[in-house]
Amino acid sequence: MGDHKEQPLRVGAAVRRRRRSLELTLAVVAERSGLSVPFLSQIENDRARPSTGSLEKVADALRTTAVELLAAADPACSVDVVRAEDTEPGQGQGSAPDPEPRSRSLVRGHHQMHASEFTGDHDAGREFQYRNDQLMYVADGAVEIEAEGRAYRLGRGDTLYLTGGVRHRWRATVPDTRVIVVAVAEHIEAVRDRDHRGRKR
């Protein structure tokens, strides 16, 4: 009871707010987007979920972007449970243990916070650089993280905080390592201007 397989966003309210702020009628938006007035009305009243292509057409008609509309959308539910057995498509479902490295999102939908769980080895040669701050927590095993020219060895229960913009790479040093990465979502403007040394002004 209370579990939700999917947490759709109420993008309709965001579309309606944007349209009204521009003082446009549904007919004008329909003409600009090539979509019908009834369909736009259904979107605004959350009776229809637009495809990515349709949402982009609506965004263009409203002189904004699909990302901005999604960022302004209202979540359909403020509470969501992601079960341990929930897997992303293509990650290998079933009861047999998977020896391959895998990851799964711990947060569904488009929110201000993003979290992922990484299990197994990781491509140490892959470099990451996120726009916003993130926290890495070692739930099991151990990892080695290289950031700003220094190597950090983390064991179970250790955390590493990375300021947005810091380039880093990491690898598991123990089999079956499990790392949780929590970060401010990329669409959130949470980073202040930095000088050439990467420090906040």
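Trainee: How many aromatic pairs does the rule give here?

Mentor: The count comes to 2 aromatic pairs, and please keep in mind throughout that this is a predicted model. The mean pLDDT of the chain is 80, with 76% of the residues at 70 or more. Over residues 88–98 the pLDDT is below 50, and beyond near neighbours in sequence that stretch has 6 contacts in the model. Residues 193–201 also have a pLDDT below 50, with 14 contacts in the model beyond near neighbours in sequence.

Trainee: What makes F118 and W170 an edge-to-face pair?

Mentor: Two values decide it, the distance of the centres and the angle of the planes. The centres of F118 and W170 are 5.8 Å apart, and the limit for a pair is 6.5 Å. Their planes stand at 75°, and because an angle over 60 degrees counts as edge-to-face, the label follows. F118 belongs to strand β4 and W170 to strand β9 (residues 168–172), so the pair ties together parts that are 52 residues apart in sequence. Both F118 and W170 are buried.

Trainee: Why is the pair of F128 and Y130 called stacked?

Mentor: The ring centres of F128 and Y130 are 6.0 Å apart and the planes are at 10°, and since planes under 30 degrees apart count as stacked, that is the class assigned.

Trainee: Why does V29 count as buried?

Mentor: V29 has a relative accessibility of 2%, so the residue counts as buried. V29 lies in helix α2, residues 26–33, and, leaving aside residues up to four places away in sequence, touches R19, L24, L40, A61 and L62.

Trainee: What makes β3 and β8 the edge strands of the open sheet?

Mentor: The sheet has 5 strands in the order β3-β4-β10-β5-β8, with antiparallel pairing, and β3 (102–105) and β8 (159–162) each pair on one side only. From one strand to the next the twist averages 20°.

Trainee: What makes β6 and β7 a hairpin?

Mentor: Strands β6 and β7 run antiparallel and are joined by 6 bridges, with 2 residues between them. E148, in the turn, has a positive phi of about 50°, while A142 stands opposite G155 in β7.

Trainee: Which other strand is joined to β6, and by how many bridges?

Mentor: Strand β9 is joined to β6 by 5 bridges and runs antiparallel to β6, and W170 in β9 is the bridge partner of I145. Strand β6 (residues 142–147) is mostly covered, with 5 of its 6 residues buried.

Conventions. Residues numbered from 1 in each chain as written. Predicted model: local features only at pLDDT ≥ 70, side-chain atom pairs only at ≥ 80, totals over all residues. Heavy atoms only, no water. pLDDT = per-residue confidence, 0-100. Contact = heavy atoms within 4.5 Å. Helix = DSSP H or I, 4+ residues; strand = E, 2+ residues; numbered from the N terminus. Buried < 20%, exposed > 50% of the residue type's maximum accessible area, 1.4 Å probe, protein only. Pairing = 2+ DSSP bridges. Axes fitted to C-alpha atoms, helices over the stretch in contact; angles between N-to-C directions.
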